[in-house]
Amino acid sequence: MSKIQKIVFQNVPLQNGVVQAKVILSYQLFGQPVGSAPLVVVNHALTGNSQVIGENGWWQSLIGENKIIDTKKYAVLAFNIPGNGYQDEENLIENYQDFTTYDIANLFWKGIDSFKVNQVFAVIGGSLGGAIAWEMAAIRPKAIANLIPVATNWKASDWLIGNVLIQDLILNNSKNPIHDARIHAMLLYRTPESLQEKFHNKLQNSDGLFQVESWLFHHGEKLHNRFQLSAYKLMNHLLKTTDIFKNNNKSDVIKSISSNIHLISVDTDYFFTANEIKTAFQEVKNYKNNAFYHEIKSIHGHDAFLIEFEQLNNILKPIFN
């Protein structure tokens, strides 16, 4: 396993004008040494982390030796969103409402700068990670050759903002906040059809507990055991802050991004809907001819980007070969 490395930044100015006294940016490197091979930056989703490959790697079917993102061919860099607490109790952020995805993207660029690299071959991320990828492209529009936001969008929708509010209320008011918020979130990440196909209304035990209830309790418990409350509050809050056009003209921002843009949606996603991603694609097409739209077909909703590996691999193959 690649060991976690850290960079400490002092007095970091945030988008809202607050100066954060200290931010710890941790990361892991996989594959080739940075500078010796094309660099791929992988951004994790809400409860993810920098461990993208290997036995516990959350995108192990995509990244590794002889995989689509081949570690024999690429340098792979995965940051932890500061405050996610991954293997580091000291790296927590209590003033979570001061941070935006723009701030995180800025910190990722500072991290990349520490490797003295000017050009990134690809930035890829799913959900929250993809939103940060969008922000990175808006901050440095000429620095990324291939921008690949998966199951995400460049601006938080009203539906997303509403659900972030519900999650925040649960996280601040529940007696068992991580557990309960996760149970609510799992229903946003899947679809009615997905759960029906999985459980068929079956009972788990003679006490009348349904299998779907048992499964939700299991997910709540699992996250409760590995995640910090302040980390969940921050990651959830970040989702609603995405807006790459804040203070900027939309067409100017889109025109300035030189990257090949590959937008990947899931047809049944109702967290980041295929429709809103398609709409973004149509807007990009007005200004660029190197933008592409891909759709994963799945009954599993938002989580399909972590489930439908074969489809995702087929979409990504031409980019990384």
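Helices (H or I, at least four residues) and strands (E, at least two) are DSSP runs, numbered from the N terminus. The model is predicted, so local features need pLDDT of at least 70 and side-chain atom pairs count only at pLDDT 80 or more, while totals for chains, interfaces and linings use all residues. Residues are numbered from 1 along each chain as its sequence is written, and side-chain values use heavy atoms, with hydrogens and water left out.

The UniProt record, an unreviewed entry, places the feature "active site" at Ser127, Asp269 and His302. UniProt positions are given in the numbering used here, feature names are shortened, and annotations may be inferred rather than shown by experiment. These residues span 176 residues in sequence, yet no two of their C-alpha atoms are more than 10.8 Å apart, so they gather at one spot. Of these residues, Ser127 and His302 are included in the lining of the largest pocket. On a 1 Å grid over the protein atoms alone, a pocket is an open set of points where a 1.4 Å probe fits, with protein on both sides within 12 Å along at least five of seven lines; lining residues have an atom within 4 Å of a point.

Serine 127 sits in the loop between β7 (120-126) and α2 (128-139). Its relative accessibility is 5%, so serine 127 counts as buried. Buried means under 20% relative accessible area, exposed means over 50%, and partly exposed lies in between (1.4 Å probe, protein chains only). Residues up to four places away in sequence aside, serine 127 touches Ala45, Val150, Ala151, Thr152, Phe271, Phe272, His302 and Phe305. Contact means heavy atoms within 4.5 Å.

Aspartate 269 occupies the loop between β9 (260-266) and α9 (274-285). Aspartate 269 is buried, at a relative accessible area of 3%. Neighbours within four places in sequence aside, its contacts are Ala151, Ala274, Gly301 and His302.

Six of the seven residues of β9 are buried, so β9 is largely enclosed by the rest of the structure. Two strands pair if DSSP finds at least two bridges between them. β9 pairs with β10 (residues 291-296) in the parallel sense over six bridges. Strand β8 (residues 144-150) runs parallel to β9, and three bridges join them. Isoleucine 261 in β9 is the bridge partner of leucine 147. In β10, isoleucine 261 has alanine 291 as its bridge partner. Leucine 263 stands opposite tyrosine 293 in β10. β9, α9 and β10 form a right-handed β-α-β unit. A crossover is right-handed if, with the strands pointing away from the viewer, the path from the first strand over the helix to the second runs clockwise.

Helix α4 (residues 177-189) has 13 residues. From its first C-alpha to its last, α4 reaches 18 Å, close to the 18 Å expected at 1.5 Å a residue. The expected span is 1.5 Å times one less than the number of residues. In α4, 11 of the 13 residues are buried, so the helix is largely enclosed by the rest of the structure. Among the buried residues are His179, Arg182 and His184. The cover over the buried residues of α4 includes α3 (158-173), α6 (211-226) and α7 (229-240).

Asparagine 11, in strand β1 (residues 5-13), has phi near 50°. Asparagine 11 is exposed, with a relative accessible area of 53%. Asparagine 247 has phi near 65° and lies in the loop between α7 and α8 (250-256). Its relative accessible area is 74%, so asparagine 247 is exposed.
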